[in-house]
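Biologist: I'm new to this one. Can you put it up and walk me through it?

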Amino acid sequence: MMVEKKSVSRIVFEIINTLFMLLLMAACILPVLHVFCASFSDAAWVLGKSGVIWHVKGFNINGYKLVFQNKDIFSGYMNTFIYVVATTALGMFLTVITAYAVSRKDALFSNFIMFFISFTMLFNGGMIASYIIITKILGWYDSRLAIIVPSTLSAFNLILVRTAMTTVPSSLEESAMLDGAGRMTVLFKIVLPLIKATLATVVLYLVIAQWNSWFSAAIYLRNRGKFPLQLILKEVLITGDTTTTSVNASDYAGDTAIYKQLIKYCTIVISTVPIFIFYPFIQKYFEKGVMIGAIKG
Amino acid sequence: MSKKYVAGAVVTTPQKKFTKAKVKRDLRKNAVVYLMAVPAIVFFIVFSYMPMVGLLMAFQNFKPNLGFFRSKFVGFKNFTDFFSSIYFGRTIRNTLMLSILDLVISFPVTIIFALLLNEIKNIRFKRTIQTVSYMPYFISMVVVAGIIVDFCASKGVITSAVKIFTGSNQNLLSMPSYWRPIYILSGMWQGLGFGAIIYVAALAGVDQELYEAAAIDGANRLQQCRHITIPGISSTIIIMLILRIGSLMAVGSEKTILLYNPQIYETADIISSYVYRKGLLEFNYGYSTAVSMFNSVINFALLMISNGISRKYSETSLF
């Protein structure tokens with residue numbers, strides 16, 4: 001840029017713009033800060049307070065003690081872990097081999113297969129038909145498979161990986177094949193190391209999607225022992241069902257109403273902390289993913 | 001093994017691609033490739049194409065114990081039932097209202113945010129804004145809904161703020177008139193920063209020399225924005241617009257299901273939440289499939305139309 005003298009209107013604009021950005025950041029942070037500070041504060045004070053809470057008052061961890069007595073939170077964490085790991089591992093394997101198959105330009109049918117897959121982005125049978133197929137035909141009602149398998153593959157992820165694979169020079173693969181390498185060797189030893197960033201993005205998509213998922217669990221699962229964390233959270237936060245927790249709170253008998261709110265805040269913090277721990281590391285991959293997706297469109 | 005590939009490496013592009021001999025040779029040469037695609041093909045048949053066949057339910061009085069083949073066919077009865085019920089107008093209106101509000105408010109605000117962000121020249125500050133602004137995107141929908149429920153309760157943070165103007169501290173989620181603002185604003189809280197990433201990237205790709213040239217020609221900032229910045233990111237804007245218009249009637253059900261209640265069905269009930277309620281809570285499979293099929297067909301048509309229009313007038317299209 002040239003060195004230009006700033007006009008008065010430019011300076012005014014910059015000040016207003018900066019203020020606007022600060023306000024926007026405050027709007028993003030305040031709800032989170034409110035929940036976080038409230039979770040460590042005195043329950044009665046929190047209940048009586050009507051504005052935004054931006055500092056801790058009467059520091060204590062009583063809420064957390066109550067939440068940790070709730071066995072469901074722990075089993076929810078375990079189940080979510082199982083679902084995330086299984087979906088991601090299976091999903092990545094399937095995505096990678098499929099994307100490789102449909103990225104082969106010399107195979108006559110690869111474009112047709114890609115169309116067959118992409119079409120599912122435009123038209124679908126809807127929630128009810130899928131439900132009937134999964135419960136009545138596959139018989140996966142109350143099965144973990146209903147949570148894991150349907151979320152492994154998506155046309156969108158396949159397009160991302162396929163696009164990345166087409167950027168790998170075919171001469172690399174051809175020379176490896178001349179040396180006697182099979183398709184699988186070429187894929188795993190040559191192609192995949194070259195598209196690591198895209199793969200990381202897809203892993204992230206799969207992990208986040210499964211971590212946040214509650215709806216399929218709500219419709220397919222009956223046994224509480226298989227519920228993922230988000231479904232337990234839904235009960236605590238939305239349905240307002242804190243009974244399982246408060247029953248244990250005999251020490252605080254009579255104060256259940258007061259603690260109900262605190263329990264909600266503590267539950268939110270406990271369930272969201274892992275995301276915030278990983279957030280700085282995953283952020284750049286997410287940005288990258290959005291851009292790859294955009295280029296492909 | 002390798003010999004086959006060597007032989008196949010000299011693939012020419014002849015006039016006829018699919019002769020019998022070529023297909024045969026291709027299947028032999030690329031057997032492994034096709035084998036790799038088999039699991040995915042099975043996957044999409046089972047989870048995408050079989051549900052499409054399952055849309056037959058829309059024309060049936062579907063009973064799960066009778067299955068697709070023995071349930072009674074009722075023609076278009078499920079559709080006419082829906083068209084003549086009060087839910088037809090209401091769910092379509094509510095769905096469209098949310099989409100349109102999103103389109104006229106969130107969509108331009110996201111672009112404006114990206115443009116303003118682009119004017120921040122301090123890189124550190126810019127990164128901080130970005131990091132903070134898309135943090136809410138990573139909070140799960142259930143937790144966001146939980147926070148909304150808490151803030152909109154009768155003693156909640158937002159209710160208390162609203163009380164200053166209205167004097168009432170009634171739970172905001174129990175009043176139909178507050179539903180749309182809550183839905184749209186919470187959506188913006190969650191998606192503004194994240195939605196802006198794509199425009200920020202597009203802005204970074206605009207040639208900086210253009211600005212210098214324009215400045216020399218005496219263009220002020222606003223003129224530069226109008227004639228350089230906006231045209232520079234217009235293809236991105238158009239793609240995003242096609243996507244929005246293509247999904248005008250495809251509003252997801254999760255947030256609605258988490259937050260609504262019978263008191264506010266009047267403004268909150270949308271097509272997808274109605275399908276969920278009718279199908280999975282009331283087990284009215286045939287009827288709810290008809291509603292969902294009606295919705296899918298419209299979504300498909302909208303996407304095709306908006307893509308077609310865009311391809312014709314701006315050379316930018318999804319497919």
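Modeller: We'll take the chain interface, then the domains, then the cavities.

Modeller: This is a predicted model, where local features need pLDDT of at least 70, side-chain atom pairs count only at pLDDT 80 or more, and totals for chains, interfaces and linings use all residues. Residues are numbered from 1 along each chain as its sequence is written, chains are lettered from A and ligands numbered from 1 in the order written, and side-chain values use heavy atoms, leaving out hydrogens and water.

Biologist: How many residues of chain A are in contact with chain B?

Modeller: 96 residues of chain A touch 97 residues of chain B. Contact means heavy atoms within 4.5 Å.

Biologist: And what area is buried between chain A and chain B?

Modeller: About 8600 Å², with carbon and sulfur atoms giving 78%. Buried area is the accessible area (1.4 Å probe) that two parts lose on being put together, summed over both. In chain A, the residues losing the most area to chain B are A:Leu108, A:Phe123 and A:Ile128, together 8% of what that side buries.

Biologist: How many salt bridges between chain A and chain B?

Modeller: Two. A salt bridge needs a side-chain nitrogen of Lys or Arg within 4 Å of a carboxyl oxygen of Asp or Glu. A:Arg10 forms one with B:Glu119, the closest N and O atoms being 3.0 Å apart.

Biologist: Switching topic. Where are the domains of chain B?

Modeller: Domain 1 is 2-75 and domain 2 is 86-314. The bounds come from an automatic or database domain assignment. Their C-alpha centres lie 36 Å apart.

Biologist: How many residues of domain 1 of chain B are in contact with domain 2 of chain B?

Modeller: Eight, and they meet five residues of domain 2 of chain B. The area buried between these domains is about 550 Å², 83% of it from carbon and sulfur atoms. On the domain 1 side, B:Leu55, B:Met57 and B:Ala58 lose the most area, together 64% of what that side buries.

Biologist: How many salt bridges across that domain interface?

Modeller: The rule finds zero between domain 1 and domain 2 of chain B.

Biologist: Last topic. How many cavities of 30 Å³ or more are there?

Modeller: Three in the whole structure. On a 1 Å grid over the protein atoms alone, a cavity is a set of points where a 1.4 Å probe fits but cannot get out; lining residues have an atom within 4 Å of a point. Grid points are joined across faces, edges and corners, and a volume is the space filled by probe spheres set on the points.

Biologist: Which residues line the second largest cavity?

Modeller: Among them are A:Trp211, A:Gln230, B:Ile139 and B:Val143. That cavity holds about 40 Å³ of space.

Notes: On a 1 Å grid over the protein atoms alone, a cavity is a set of points where a 1.4 Å probe fits but cannot get out, and a pocket is an open set with protein on both sides within 12 Å along at least five of seven lines; lining residues have an atom within 4 Å of a point.
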